[in-house]
Amino acid sequence: MGFEFRTWKEESGVLGFREWEKGRAVSKKVEKDLPKIAELDRKDLIELVLHANKKKMLKTRLYKELFLLSERTGISKIMPFEWYPANYGPFSEKMAQDLEQLKKDGRIREKIIKNRNNMFEYELIDAERTEKIWEKLPGSFKHALVEIAEEFKDKKVDEISHYIHVAYPKYATAVKC
Amino acid sequence: MEGQSSIIISDSGPMINLAHVEKLYLIAEISPELNVLIPQEILDELKDSKTRMQADELIKSGKMSVLPKNIDKYFDRILPIATQMAYVDFGRSQSTWNPKQHYPEIYVILLAKELDAAFVLLDEDRAIREARRQGLKHLRHDAVLDLACENKLIRPEEVRECLKKLMTERHVRYKKRDLLIKYGVVD
């Protein structure tokens, strides 16, 4: 079964338009702070997304939120994740490598959730270190992180994937269009 | 990264529908950041005086720009997509073999891709599917009406009247009922 729009807002393009507007507004606010954000690396960013989500997230959710963060804020200009369309939405080899490295360095813990189709969950280990980075973050970027976490906290992973699929056709696989 | 482009390129279908309800000007109003572009070939398709007059007003006021004729440059890329669309039409017995009818909309899509447009304004389902396949975001005429209403440019009653008019006079079908419910066209 191919991809299908679920609502009129998706089908008419309203949802995509609103996401575009959000991206324009957020990237304008964050732009002046990009040099400060550039002091971080991609691994710090993964930890910050975990931090904004009560330090624990399913792998797919973590990927989706980081993708939205990089699209809305424009940080991909300074911190390339090189997203590309994959079966479950945008994927980044660089992020996969970073997650492995974070595990090896003992900065995050990986857990398999048996009663949830063996999904992977990541938990932040050194919360104190991340808290220190968080405190020094520019307000505009903190706000973007919190906004995404709040916006999607009650959504199922499938709903976030669908949202991204609708709002970012560039990263939707051909088979699902 | 997406989101930086501010270009919106329009096909003729949504323009005709919006002009029919005297709301073509809204395509330039839904966001002050959008630059509306129309290829000369699409402008030439707007034969109806009502649509043409409203389009000319937008151009004259500088709210819409015209791209010079260039369809020939894209012909090699248009042809295979148009042929594929025509096969679908033919298979569904909806029309005779006529790939040419799809040339303008595919041209708009390819142009939008080349210019890295933020949106392409399209009404036809298969054209929207093709635009998405090319990685483009789309907007339909009803999205323009809704966004304009949400941005307080027009009243909900006006949207209701526009939708009713388009359904009865231009036989536009809205497959998803949530729009019609939102504006009280149906219960």
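Which residue takes a positive phi in the hairpin of β4(A) and β5(A)? Before getting there, keep in mind that this is a predicted model.

**The hairpin in chain A**

The residue in question is A:Asn117, with a positive phi near 55°. The hairpin has 5 residues between its strands. Those strands are β4, residues 108-113, and β5, residues 119-124, and they run antiparallel, joined by 6 bridges.

Hop over to chain B and you'll find an open sheet of 5 strands, in the order β3-β2-β1-β4-β5, with parallel pairing. Strands β3 (64-67) and β5 (138-139) of chain B sit at the edges with a single partner strand each, so one side of each has no neighbour in the sheet. The partner of β3(B) is β2(B), residues 35-39, and the two run parallel with 4 bridges between them.

| Strand pair | Bridges | Direction |
|---|---|---|
| β4(A) and β5(A) | 6 bridges | antiparallel |
| β2(B) and β3(B) | 4 bridges | parallel |

**A pair of helices in chain B**

Now for some helices. In chain B, α7 (residues 141-150) packs with α8 (residues 156-169) at an angle of about 170°, and their axes are 9 Å apart. Angles over 145 degrees count as roughly antiparallel, and α7(B) and α8(B) are therefore roughly antiparallel to each other. The crossing of α7(B) past α8(B) is right-handed.

Who makes the contact? From α7(B) come B:Leu145, B:Asp146 and B:Cys149, while α8(B) brings B:Pro156, B:Val159 and B:Cys162. Sorted by class, the residues of this contact are 5 nonpolar and 1 charged, with no polar ones.

**Where the chains meet**

Finally, take a look at how the two chains touch. On the chain A side, 23 residues are in contact with 22 residues of chain B. The elements of chain A that give two or more residues to its side are α1 (8-12) and α2 (14-31). Of these, α2(A) gives the most, with 8 residues. By class, the side of chain A that touches chain B has 9 nonpolar, 8 polar and 6 charged residues.

Technical notes:
Residues numbered from 1 in each chain as written. Chains lettered and ligands numbered in written order. Predicted model: local features only at pLDDT ≥ 70, side-chain atom pairs only at ≥ 80, totals over all residues. Pairing = 2+ DSSP bridges. Axes fitted to C-alpha atoms, helices over the stretch in contact; angles between N-to-C directions. Parallel < 35°, antiparallel > 145°, perpendicular 65-115°, else oblique. Left-handed = near helix turned anticlockwise from the far one by under 90°. Contact = placed C-beta atoms within 7 Å. Nonpolar A, V, L, I, M, F, W, Y, C, P; charged D, E, K, R; others polar.
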